Amino acid sequence: MTRAVFETATLADAIKKVDRVAPTKGSAFDKAAGIVISVDPEAGLVVVKATNLSIFSMEWVTALEVEGDAISWRVPSKLFATVLAGLPIGTGKNVTLEEKSDGRNRMLHLTAGRTRAKFNLMQVDYYPEWEVFSPDGLVEVDDFGGRIGLVEWAAAKGDEPPLNGLHLDGEIVLACDRYRLATSPLIIPGLAEPITVPSGILGSILKQTGEI
């Protein structure tokens with residue numbers, strides 16, 4: 001069976017980030033509930049990911065030890081994130097994830113000091129897949145999440161494009177619901193043309209993140 005050991009703070013931080021994206025209700029929950037942890041011992045890679053079908057979040061996590069077969073674990077997002085958030089962190093504080101089976105059910109066992117927990121694994125076969133993009137063409141934007149948070153309250157609620165979006169032209173970000181208008185300076189170097197993105201999908205994961 002596959003086993004992976006992490007610094008508690010490292011894994012907890014990664015899970016906290018993707019948990020913000022994991023759906024909790026609606027059609028997205030039916031199709032993409034949970035967090036997926038993919039372990040590749042041969043390559044020494046562990047990837048955690050989640051999607052609400054609008055945002056696709058993926059992060060590489062450094063493991064202290066990885067052994068066993070390549071595998072993907074799909075766990076309940078809120079439950080798993082809550083357990084990790086409650087673990088003590090600091091120098092020498094580690095958490096171990098290991099898959100075990102009783103012959104009928106696959107379960108993910110978590111061990112951290114005196115804490116023991118186990119999670120029923122969800123089927124990963126039909127979980128949405130997406131390709132990793134290259135960061136080579138990206139540019140840094142300072143306080144992107146903070147600026148979006150200043151204006152997204154003025155965007156229309158519900159399904160009413162383009163007024164339910166945030167408009168970016170490379171110099172400002174703008175939101176308007178016909179009655180309210182909010183703008184804020186937001187310099188995006190090299191933006192080829194103005195774009196509009198749904199207002200609700202970015203603010204919650206980008207606030208207070210500094211450079212993006």
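Predicted model: local features only at pLDDT ≥ 70, side-chain atom pairs only at ≥ 80, totals over all residues.
## Helix α1

The expected span of a helix is 1.5 Å times one less than its number of residues. Helix α1 has 12 residues, and from its first C-alpha to its last it reaches 16 Å, close to the 16 Å expected at 1.5 Å a residue.

Which residues of α1 are buried? They are T8, L11, A12, A14, I15, V18 and D19. These residues cover an arc of only 165° around the axis, so they sit on the same side of α1.

What covers the buried residues of α1? The covering elements include the strands β1, β2 (35-40), β3 (45-51), β4 (56-61) and β7 (94-101), along with helix α3.

Side chains of opposite charge can pair when their charged atoms come close. The side chains of D19 and K78 meet in a salt bridge, with N and O 3.3 Å apart. Because D19 lies in helix α1 (residues 8-19) and K78 in helix α3 (residues 77-85), the pair ties together parts that are 59 residues apart in sequence.

Are these two partners buried or exposed? D19 has a relative accessible area of 11%, and since buried means under 20%, D19 is buried. K78, in contrast, is partly exposed, with a relative accessible area of 42%.

## From β1 to β5

Another salt bridge joins E65 to R3, and here the closest N and O atoms are 3.2 Å apart. This pair links distant parts of the chain: E65 is in strand β5 (residues 65-67), R3 is in strand β1 (residues 3-7), and 62 residues separate them. E65 is partly exposed, with a relative accessible area of 40%, and R3 also counts as partly exposed, at 23% relative accessibility.

R3 and E65 belong to a network of salt bridges that also links E67.

## The other salt bridges

How many salt bridges does a search of the whole structure find? The search finds 9. Among them is the pair R147 and D143, whose side chains meet at 3.8 Å, N to O. R147 is partly exposed, with a relative accessible area of 28%.

Definitions and conventions
Residues numbered from 1 in each chain as written. Heavy atoms only, no water. Salt bridge = Lys/Arg side-chain N within 4 Å of Asp/Glu carboxyl O. Helix = DSSP H or I, 4+ residues; strand = E, 2+ residues; numbered from the N terminus. Buried < 20%, exposed > 50% of the residue type's maximum accessible area, 1.4 Å probe, protein only. Arc of directions from axis to C-beta. Contact = heavy atoms within 4.5 Å.
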